Amino acid sequence: MMRTLTRTLAVLMMTVALFGCGGDEPATAANATTTAATTTEAPPLPADVAGVTASATPATTAADGATSTATAEGNILVATGEFISPVRSELSPKVPGRVARTYVQEGTRVSKGQPVLELESDYIRINLQAAQAEMARAKAAMDEASRDLDRKRDLIAKDSIPKATFDRSQAVFDQTSAAYQAAQAQASLLRQQLADSTLRSPVAGVVAEKRTDVGQRLGDGGIAFVVVQLSPLKLRFAVPERYLGKIKVGDKVAAKVDPYPNEVFEGTVTTLGGVIDPRTRTMFAEAQFGNGDGRLRPGLFARVETKID
């Protein structure tokens, strides 16, 4: 019995050993296959295919990552820019009031000093008439007091009247003179208010915005129109930092715009930005264009060319 149990245990141990040895062989083969696949190099591509692949590789981006629309063609710097107005005026009446009439619309060309709006001024005119009447009355009283003072001055020189009588005449003249000056000031104030009820353009340009209409009341600071200057205009464009020493104030620039493709507009560099933009590695430059005919407008894009040393 004991021998039978011993033989059974021996058989089981041999079976386990045999299976263990058989499992190692596939694993070893798999490892060898993996190693071979890892170390084997791909065969080289044909020359024609390799050339196509190389040409399709993206170009390396510049270290600073800057993007600019400005390029150099020989000794000419070519850039794109935008025309801007040097003056943008928001017109607001000096006195509050209700709009009686308007003289311009959006897009209207205006000259310096041209009326663009008029406020209701009936009450100002009535008050001015009253002030002028008061001024006339005060002047008549002052003239009468002046004549009386002259008579008293002659009499006091002859000791014909007491000093107190002369002093009273002098006081009356002083009072009537002050009243006349006050009436003059009031009339001048109303005349100025009447003039201010007409809103005028401070610059020659074009009406960019109209923010009011007849019947609307404009309070203190209420903006009625926005006028932008057309002549001269500025053209702003970006210049890469590497051209910092090659462009200067006074340089001539030429600009072309899409509305007039066959024409070249000439300007002069007036401003160079003093700081380099760290994001684009560019500085801004501004050139002034006379634009006497007003054909160029703010917001218009242009292709700019200028010589660089």
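Which element gives the most to the lining of the largest pocket? Helix H3 does, with three residues. The structure is a predicted model, in which local features need pLDDT of at least 70, side-chain atom pairs count only at pLDDT 80 or more, and totals for chains, interfaces and linings use all residues. Residues are numbered from 1 along each chain as its sequence is written, and side-chain values use heavy atoms, with hydrogens and water left out.

**Overall composition**

- The chain contains four helices and 15 strands; helices (H or I, at least four residues) and strands (E, at least two) are DSSP runs numbered from the N terminus.
- Of the 309 residues in the chain, 29% are buried, a term that denotes under 20% relative accessible area with a 1.4 Å probe and protein chains only.
- Among contacts with a separation of 6 or more, 73% involve residues 24 or more positions apart; a contact means heavy atoms within 4.5 Å.

**Largest pocket**

- The largest pocket holds about 210 Å³ of space, the volume being the space filled by probe spheres set on grid points that are joined across faces, edges and corners.
- A pocket is an open set of points on a 1 Å grid over the protein atoms alone, where a 1.4 Å probe fits, with protein on both sides within 12 Å along at least five of seven lines; lining residues have an atom within 4 Å of a point.
- The lining comprises 13 residues, and Pro 96, Gly 97, Glu 120, Ser 121 and Ile 124 lie nearest the centre of the pocket.
- Strand S4 (97-102) and H3 each supply at least two residues of this lining.
- By class, the lining residues are five nonpolar, four polar and four charged; Ala, Val, Leu, Ile, Met, Phe, Trp, Tyr, Cys and Pro count as nonpolar, Asp, Glu, Lys and Arg as charged, and the others, Gly among them, as polar.

**Sheet containing S4**

- Three bridges connect S4 with strand S6 (residues 115-119) in the antiparallel sense, and Thr 102 stands opposite Leu 117 in S6.
- S6 is also joined to S7 by three bridges, again antiparallel, with Pro 115 opposite Arg 200 in S7.
- Four of the five residues of S6 are buried.

- Another open sheet of four strands has the order S3-S10-S8-S5 and antiparallel pairing.
- Its edges are strand S3 (88-91) and strand S5 (109-110), each with a single partner strand, so one side of each is left without a neighbour in the sheet.
- S3 and strand S10 (residues 225-229) run antiparallel and share four bridges; Arg 88 is opposite Val 228 in S10.

**Helix H4**

- Helix H4 (residues 163-196) has 34 residues and spans 50 Å from its first C-alpha to its last, close to the 50 Å expected at 1.5 Å a residue; the expected span is 1.5 Å times one less than the number of residues.
- Its buried residues include Phe 166, Tyr 180, Leu 190, Leu 194 and Asp 196.
- The buried residues of H4 pack against helix H3 (122-157) and strand S7 (198-200).

Notes:
Buried means under 20% relative accessible area, exposed over 50%, partly exposed in between (1.4 Å probe, protein chains only). Two strands pair if DSSP finds at least two bridges between them.
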